[in-house]
Each structure stands twice: as C-alpha cells, then as structure tokens.
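Hello,

Here is the structure you were to receive. My notes on it follow below.

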Amino acid sequence: MPLDAFEPSLFELSHGEGGREWIPERGGADLASLIPSEHLAPEPAALPVVSEPEAVRHFTKLSRRNFSIESGFYPLGSCTMKYNPKICDSLAGLPGFARLHPEAGADMAQGTLRLMDDISGFLAQISGMDKVTTNPCAGAHGEFCGILMVRAYHEDRGDDRDVVLVPDSAHGTNPATAAMVGYKTVEVKSNSSGCVDLDDLKSKLNDKVAALMLTNPNTLGLFEKEILDIARVVHEAGALLYYDGANLNAIAGVARPGDMGFDVVHINLHKTFSTPHGGGGPGAGPVGVKQRLIPYLPTPLIEKSGEEYTLNYDSPKSIGQLSTFYGNVGIVLRAYVYMRMHGKEGIRRNSEHAVLNARYLKHLLKDHIPPEIDAPGMHEFVLTMKDKSRFGEFNAMGLAKNLIDRGFHAPTVYFPLIVKEALMMEPTETESKRTLEEFAATVVDILNEAARDPEKAMHAPYTTPVKRLDEVSAARNPVLVHPCCE
Amino acid sequence: MVFLPHTPGDTQDMLNTLGLKSVDDLFSMIPAKLKNPPIEFPPALTEMEIQSLMESVAAQNRGAQCLSFLGGGAYQHFIPQAVFALISRGDFSTAYTPYQPEVSQGTLQAIFEFQTMISRLTGMSAANAGVYDGATALAESALMACRATRKEKVLVARTVNPHYRRVMRTYLSAPGVEIVEIPARDGAVDLEALKAALDDDTAAFFIQQPNYFGVLEPVDSLAPLFEGKKALLGAAAYPHSLGVLKTPGAWGAQIVCGDLQSVGIPLSFGGPYSGFMACREDLVRHLPGRIVGQAKDADGRDGYVLTLQTREQHIRRAKATSNICTNQALCALSATIFLAMMGPRGLRGAAAQSVRQAHKLYDALCSIEGVKPMFGQPFYNEFALELPAPAAAVIAEAKKDGVLPGIHLKAGEACDGEGLLVCATELTSDADVARCKEALKNAIDHVKTHAVV
C-alpha cells in the first residue's frame, strides 16, 4: 500500500480561535486572586486550535506516512525490527499499572516491584550475570550506567585508568558513552575475518585501560570466536569487559555473556524482548553485573525482605540515580509479558530462528551481492556493493531507496563504518520463508533494472510521499519550528 | 513457537538449503563450553494464562486504587481518550527511528509539530525531539550550558526536585563539573545567596517554576542578576502549568527543560515519560539528541528530516554532544497529540482548575487543628504542610483509609523541616477535597492518640 501524500501541519490547520472545555466547571476563586498577576501569562499559550475530528484525521494521516513493522518487512541490521505482540502493550496498560504514582511508596506498589524484581532475575539468568538493574531508560542509557560503574570500580580501588577500548566496528554509542563518562577512546582493529584482532588488542592493553566495550556477535553478525582469550587478556591487564547487548537476540538461551567473561552487560529490551520501537523510543536498557560490581549499581535498588519488596536509596558506593524515578517501568512490564510467554525454550527458539532466517537470506543474496566476510554468521550479515566493476555507479543507498519503492524497508546502509558500501541486513525470527524469498527476488530484480536503466534507479524512490530530501540545505539553514505565528 | 511463522517443513527446507542437519548446527562457531548454559526460568505461559497472571499482579498495586494527592514531578491530569487511540496505531508504535525520511514522514512531521509546540509553550526559539525524562533533561541542560559557555560550574536552586538534583549529580560527576546548590529561604530561592554565588566561572543557574514545593519562585528578579554575565539562566518547567503561567522565555530563561508526563502520559510508576529541552536560537547547536528540520525534496515539496546530525553519536562518535539516541518518541507523540486535542483553551481550563482545586484543598487541610503551611509563599497546585504528628505515621494511617495524602518531606532532605507535600489537579473534585481532609484529620488523631499510649 503506498503511503499517504502531503498533509499540512497542525499550524496550517488551526482555526486560531475557539476550542473546547474538557473538564466540568467546579467554581472557586478567580485565578488572579490565587496567583500574583506577575506569574500569569497575558494570553493563552500559542497552541494550534483544531477540533477533535480534525486532530484525529491529522494524526491518522501522519501515521499513514510511516513504514512500520506491522505494514511490512524491515530488515534493518542491528536495529532488530520484529513483530511486537499486542498482548504486551495491553497488559502493561492495565489500570493497576498505569495509574500507579511513582511516589506512592513501595508498600503501595508491591505488584509492579515484584515484576521488576522477577524480570531482573530472568535477565540475570539469560545474560549469566549476578545482578541486574532495570533503571536505565534505553540502550545508550544502559551503556552510560555500565561505564559509570566501570569508573566507580577502578576509582574505588585507587586505580587510575583513563582509556576505554572500542573495536573499529562498534556502534557509535560506545565511543560517545566513554567520552561522556570522561574516558579517552582508542580503537581496536578488526582482522581479515571480521573479528577483533587479538594482537592489536594486546598491543593496546595496559594499566591505563579501564575497559573494552564489545558486541558479540559483532556488528558484522559474526561471533567473536576468540572471546575467551579476549576476556583473559583484558582481565590480565586489570581492565573490565563490557558487553553491548544490542545483539543478544542472536544468542539468548544459547550462550551467555557472563560465561564468556563479560563483567558488565546492557540489554536493549526492545531488541531481544520485542518492546515496540515507537518511532524512536521509549526503550529500556537494563544492566547486569558480576559480583564485584554490585556495590556500584544505580539507586534505587529493589530489595526483598521476606515477602515484602522495598526501594533502597542508601547505597554508599552507588553511581547514583539515573532517572527521575525507576526507569521505563511500562516497557519493562511489556518485556516481562514477552519473556513469560516464551519460557527459556521459546527464547532459545527465537534466537535459532533469527539466525536461521539471516543465514537463509544471506544464502539467497550472496551470489548477487557479495558478503563482506563469507563465513557462517549469526542473526545479521553485511553485504558490500563496493565493487564498481560489478555495480557501476549504483550503490547501497540506491538499492535501499529502490527497496522502499517496492514496499520493503531499506536495510541499514553504510554501517559498520569499516565496510564500504555496506548493506547490513537482519531479518529477525518473525519473518516467514515466503517473505525472505520475495525480498531476495526483489533485490535481484532491482539489480537487473539498475543495470538496464542506471539513471532511473539512482534517483529512487518515486512512490513515497516525498522524494529524496535535501539534507545539506536543511542543516545549513535549519528550520526547526513552524514559522507562522498566530 | 509463539510468534514464529515457520512450519516444521519450512525449517527443514531452509536447513537443507544451507546444508545443515539441525538448528544446533547454526551455532557451530560458538565454543562448546559456552553452549547450553543452565538457565533457571519458569515455564512458558499461554496468552490466557499471562493475562490472568498480570491482572492479579496489577491488583497487588494498592496505590493504584487509592485516592491520590501525590505530585512531586508526576501528575494525574486528564488525558483525552483520543491520545491513547492514536498512539496505539501500529504505524506509529512499531516504526523505527526515522533514519529513512521518505518512509518516516509521519514520525518526522509529528516531531516537528512537537518542537514547535514546546518552543511556543516555553517561549524559546527551538526544541529538540525529546530525551528520557525531566531529570535527565535537566542534567543534559546543565552539560549543554557547560559546552556553550566553556565553563565547569553549575548552580542549582535547592528548591528543585530532589530526584532531579540527584540525577544531575550522577551526570555531572562524570566530566567533573562542580555543582553548587543555592539555599532556600521560606521555600523559595535565596536571591542574595544566588547573587553571591554567581561568579565568572559559572556556566548556568537552574531553577524550577513552580518549584518542588509548588511555590512560585520570584522569577522576575532573576534576569537582572545575569546582566553582563556569561552565565545562562535555565529553567525546569511543568508544561501543563504553562496553560496559565508566563513562559520561562518571558522572564529571561535561555534554556528550558522539563518532563512531558503532565501533558498526556499516564503515571505508570514513573515511566516511560519523556523529557524536553528548548533553548534560544544561539544555543541550538549545543542541544543534545535528535532534532527535526524542514527540507525540500527533489520536486520542491516540503518534507522533514533529522537534522544537525553532526552533533550526534552515530556521526560524531566520541565527539558527540551526548550518547543519547532515543527521544522516547511515542511519549513525545502522546504530548503532541494531547496539546493538539486540548488546545490553548482546554489547557488553560485544566491548568486553572488545578490551581483552584489546590487552593480549596489547602484551605480545607489548613483548617485541621495543628496543620500549618510550611511556607508563606504563593503556590501553584502543590503545597507543603507541617503536621502536628510524625508525617510517616500519618501517611501510613491515611493509606489504610484508601487515601494517599501526599509525599513525605523528610527533614534535611528536600527542606529543613519535616512535612507533607500535597497536590491537586483538575481531576480532584470537591468531594475528593472533603475526603482528603477527613482522612488526614482521622490519621492525625489516630497517630496522636496512639503516640500518647
């Protein structure tokens, strides 16, 4: 189904006056007699005025200008777009959860606290860690939490370290997080098989290195086979090993970061446990740690004494508080429902099918676009269109935009940064065999069309609400708010 | 096989194509000693079972059934049903971050409308697409002020929400930014102390309006203190209150942040919410997080894109303004739809009624013998009381009666004395006011009687 065409902004739709009362009149004093006049706005807020039917139509039209996992295949590598079960949303929204005030007190919130404690236990089991906090609001927030704990650990031991190592294939958040916590970052090279170059790692490890941040499987979709050696050399240097859990969905139920030697782990609940992406959040980024890092966990801590759950803010070595209250509780509840519906066999089966689908799709495509590394991969894989003798001027971005014209979302392009003309594909476990085959056939068809009429293929998309947008001018002369004033 | 489409035949076909015998062979690259770890996990539940489990657990949240007068940064305001219906549309809720603008115009345009509404509500010239919540918005605003002024000291009023101040400490400890808390006098910032602390090394001063105690701070006196200084004036705002209160821009704030929970997001035990950050034109390039801008397409049509991305982690990596990716988009969308539904008149009506009901509640509670206002200041929809009995015991007693009368202010934490922070909104009826008075009075009497024994 093609997406909806142009929709004016709310500000153009606004009548400028009128509007509706939503609440009953209850009488009482005039506002000016309750609040000194210098605090009051001279006129109502400059918001648009539209009726409910107009607003509903406006936002419905906007929704129809979006691609979503419910409307089609979304093979975005590293982003893990898979089906989001409806039951998770509806149960997290039960009035007993949704109406609960965060300051009601632990005694008034025993149900929610119990679930938060239970899911921490499940996540500890799945990740192989000793204790988990659900406080961080997103993956990047989890990274921030984890690296703050790394710093607290070293400082507590009087160990002065100022470097965090990240592989050259890492997610952008890794170096950004390290910098936010005050660390310098040093890159570790990948070897010709797409994994961490152990010799390069050894040469960069010393008593200034606080941690190595690693994703496993890595962003090429390859399992770091030398992980046990990596862990050993990192620990021998007195550094900690940090697990970026963005790709946990490839191994959940099969192998555990804790067993590989990781000391700190963050888990993106929206990826492995399928909470909705929401067009860019809210997510949740629980963090798990080994025993020696438990004292540094963020506050508040959920504790259990007897059958009673309590909230503890008094933890002297803690890195402190990360958000106003306890993180994205509503998202944690969705993941709880998802996990309970799967059990450990179900979670393992998801990983198996995620890998099976990725391997199958790679198999269907590899004769048409070569993989960067031709080795058995996991839940995602990276193809490259860098060979100009084969693809001419047609490139990864061109293929992405043509896929959009054919009703598929584009794969991740130009990431990881170490691969030229990269196409990073992750089908996930919730896609059928038929969808994968249709997608592969479409890619082949696009390549053929592009060979026949490169000019046309280079300028796709044609069927979308807008064509390619001029991002350079938009950044040079930014228009960030609607200009018309009411 | 809860949400997996393959039949056993499909799986076998695919394995055959790959030349594999079983699904276990898919994991041959993982060292054997790492495989098949012992995992303790309860057995899978059917949809019917999980539904009844969650319903019974939800019923254990007694706080959700009580009549609540809690605020302190999370407020129970009216939300039109259309907000929930619209954000539940899968085209919004199951879309990814709008990195492919041609198929994400819905999310992008909604964010642009959000930025415009937040800018207008706060009296600023621009806003970002949102951050995690109010506390992290304040922390990020403080870091932003340090970047913009190249200074490493931030002042914050002690009347700012204590949770916000704690999160600020967590964030600012990392780069080693110094935080100086400005003391309060009678529940509002001590202007003399602020004047004395505001030196040439200061990046910014942050104040909350209304403050944690509901007190309306003397904001008009602030801007003159900053004349001729490099330091920025920052505000944490309560967006719902901007239906009646003067915009922070009008009293001189240059960065405004806050939590969007009050405008269209359910309480949900503290999250997910979304924070917002708005600023003056000259500070835009220091904002962290996503920002949407207008752009023209190849045919000259208007569209929207993520812009100024050279500030962000996926481009700048270690040199980014923050590591943040998310903007809690669906929560920001709730706020956008809420503000569109309510409009200026609806928001003003609800905000004004919150103030009126709070003042009725104040009069009712202050008529209880021994109950006194903690401060002699004008307030918005929240106020602090001193009780004639220990607050913790009084609250515990009122809870038994099905009433959450307020937040316990512990001596020495948010303020010097011990007390109760009480809140009303437009959802507080006159009958609720009477019920709160009755419950609080009974609880105080009970505690006093039993304390004597």
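In chain B of this predicted model, helix 5 (residues 105-122) and helix 10 pack at an angle of about 60°, and their axes are 9 Å apart. Axes here are lines fitted to C-alpha atoms, for helices over the stretch in contact, and angles run from 0 to 180 degrees between N-to-C directions. Because of that angle, helix 5 of chain B is oblique to helix 10 of chain B (under 35 degrees is roughly parallel, over 145 roughly antiparallel, 65 to 115 roughly perpendicular, the rest oblique). The crossing of helix 5 of chain B past helix 10 of chain B is left-handed, meaning that the near helix is turned anticlockwise from the far one by less than a right angle. Helices are DSSP runs (H or I, at least four residues), numbered from the N terminus.

From helix 5 of chain B, Thr107(B), Ala110(B), Ile111(B), Glu113(B), Phe114(B) and Met117(B) meet residues of helix 10 of chain B, including Ala329(B), Leu333(B) and Leu339(B). A contact requires C-beta atoms, placed from the backbone, within 7 Å. This helix contact has nine nonpolar, two polar and one charged residues. Ala, Val, Leu, Ile, Met, Phe, Trp, Tyr, Cys and Pro count as nonpolar, Asp, Glu, Lys and Arg as charged, and the others, Gly among them, as polar.

On the interface: 166 residues of chain B are in contact with 165 residues of chain A. Helix 10 (residues 329-366) of chain B gives the largest share of chain B's side, 24 residues. By class, that side has 85 nonpolar, 51 polar and 30 charged residues.

Chain B has domain 1 (81-338) and domain 2 (343-452), with bounds from an automatic or database domain assignment. Their centres, taken over C-alpha atoms, are 29 Å apart. In chain B, 14 residues of domain 1 are in contact with 20 residues of domain 2.

One residue to look at is Gln313(B), in helix 9 (residues 313-316) of chain B. Gln313(B) counts as buried because it has 28 C-beta neighbours inside 10 Å; the cut-off for buried is 20 or more other C-beta atoms within 10 Å, with 12 or fewer for exposed and partly exposed in between. Its contacts, leaving out residues up to four places away in sequence, are Gly172(A), Thr173(A), Ala176(A), Ala320(B), Asn323(B) and Cys325(B).

Residues are numbered from 1 along each chain as its sequence is written, and chains are lettered from A and ligands numbered from 1 in the order in which they are written. As the model is predicted, local features need pLDDT of at least 70 and side-chain atom pairs count only at pLDDT 80 or more, while totals for chains, interfaces and linings use all residues.

Regards

Key. Contact = placed C-beta atoms within 7 Å. Helix = DSSP H or I, 4+ residues; strand = E, 2+ residues; numbered from the N terminus.
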